[in-house]
Amino acid sequence: MEKTIRIAIDGPASAGKSTVAKIVAKELGYIYCDTGAMYRALTHQAIEKNIEVTDEKRLVELLKEMTISFEPNGDNQKVFVNGQEVTEAIRLPNVTNLVSAVSAHGEVRSELVKRQQEIAAHGRVVMDGRDIGTAVLPTAEVKIFLIASVDERAQRRYTENMSKGITTPLEVLKQEIADRDYKDSHREVSPLVQAEDAILLDTTSLSIEQVVEKIREMIHIKLSK
Ligand code: CDP
Ligand code: CDP
């Protein structure tokens, strides 16, 4: 029988997780699951429904009424909440600025982790986020912790934003990224931390292709064992 593996990619904001996860998933013919999009989708719905990001009980009630689904779209993915497309809306700054507060709630996390584990139940998955190697798929066969300097990550986001016509100054992006890293790393439940058995990959001076090549090597070793 063909051997299949689960690949967990964690790390701070803009380290390149989703970019490389999508490429690797496509090459292997695996599912790609963007867990950050799920936290973003809930945050977006909470804003729409005027629910405070501090109100854990209402957030969980809202989440339980939400279906979050993905649909391939070329090299990217569309995101839907209850059948409505939210792909662009969940990347807007109002969501980005509040998502760490939403994702800090333990009950929100358990509900989303449950859904993420269901998506990965049959293996053949590349999943990226903050707690994949530590909480969602602690027995994943390949675990990678991607990092890059804050300056480099802010510059990457800046370049990406410019291509979409978004002109947030570099310094503002840098501060936003640093704030989110701090919140994600210091929350009580499943903080952003490298799993003991994850491989650390500093991508500061690596191109996307170089990062993908390193991950290919790790996968090759696992698949050929
Ligand atoms: O793509 P970007 O780095 O901006 O972030 P994301 O992956 O879309 O995740 C958005 C936010 O969701 C993170 O800053 C975390 O607060 C939260 N998140 C999380 O807590 N756990 C995950 N597995 C994924 C995301
Ligand atoms: O998912 P995450 O927030 O970790 O980062 P991303 O959205 O995959 O990457 C953020 C930006 O950095 C994208 O525009 C990528 O094209 C870019 N990037 C890069 O320039 N060099 C890399 N080695 C990885 C990503």
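Figure 1. The largest share of the shell around ligand 2 comes from α1, which contributes 3 residues. Helices here are DSSP runs of H or I with at least four residues, strands are runs of E with at least two, and both are numbered from the N terminus. The structure is a predicted model, in which local features need pLDDT of at least 70 and side-chain atom pairs count only at pLDDT 80 or more, while totals for chains, interfaces and linings use all residues. Residues are numbered from 1 along each chain as its sequence is written, and chains are lettered from A and ligands numbered from 1 in the order in which they are written. Of the 15 residues around ligand 2, the nearest are G16, K17, S18, T19 and R156; a residue is near a molecule if its C-beta atom, placed from the backbone, lies within 6 Å of it. At least two residues of this shell are supplied by each of α1 (17-28), α7 (150-163) and α9 (208-224). The shell around ligand 2 comprises 5 nonpolar, 7 polar and 3 charged residues, where Ala, Val, Leu, Ile, Met, Phe, Trp, Tyr, Cys and Pro count as nonpolar, Asp, Glu, Lys and Arg as charged, and the others, Gly among them, as polar.

**Figure 2. Surroundings of ligand 1.** Ligand 1 is surrounded by 15 residues, the closest being A13, G36, Y39, S103 and G129. Two or more residues of the shell come from each of α2 (35-48), α4 (93-103) and α8 (170-186). Helix α2 gives the most, with 4 residues. By class, the shell around ligand 1 divides into 3 nonpolar, 7 polar and 5 charged residues.

**Figure 3. Packing of helices α3 and α5.** Helix α3 (residues 56-64) packs against helix α5 (residues 106-119) at an angle of about 20°, and their axes are 8 Å apart. The two helices are therefore roughly parallel, a term for angles under 35 degrees. In α3, the residues E56, L59, V60, L63 and K64 meet E107, V108 and E111 of α5, contact requiring C-beta atoms, placed from the backbone, within 7 Å. This contact has 4 nonpolar, no polar and 4 charged residues.

Figure 4. Residue I147 lies in strand β7 (residues 142-147). I147 counts as partly exposed because it has 18 C-beta neighbours inside 10 Å, a class between buried (20 or more) and exposed (12 or fewer). Leaving aside residues up to four places away in sequence, I147 touches G11, P12, A15, L200 and D202. The C-alpha atoms of I147 and V172 are separated by 20 Å, the two residues being 25 residues apart along the chain.

Note on methods. Axes fitted to C-alpha atoms, helices over the stretch in contact; angles between N-to-C directions. Parallel < 35°, antiparallel > 145°, perpendicular 65-115°, else oblique. Contact = placed C-beta atoms within 7 Å.
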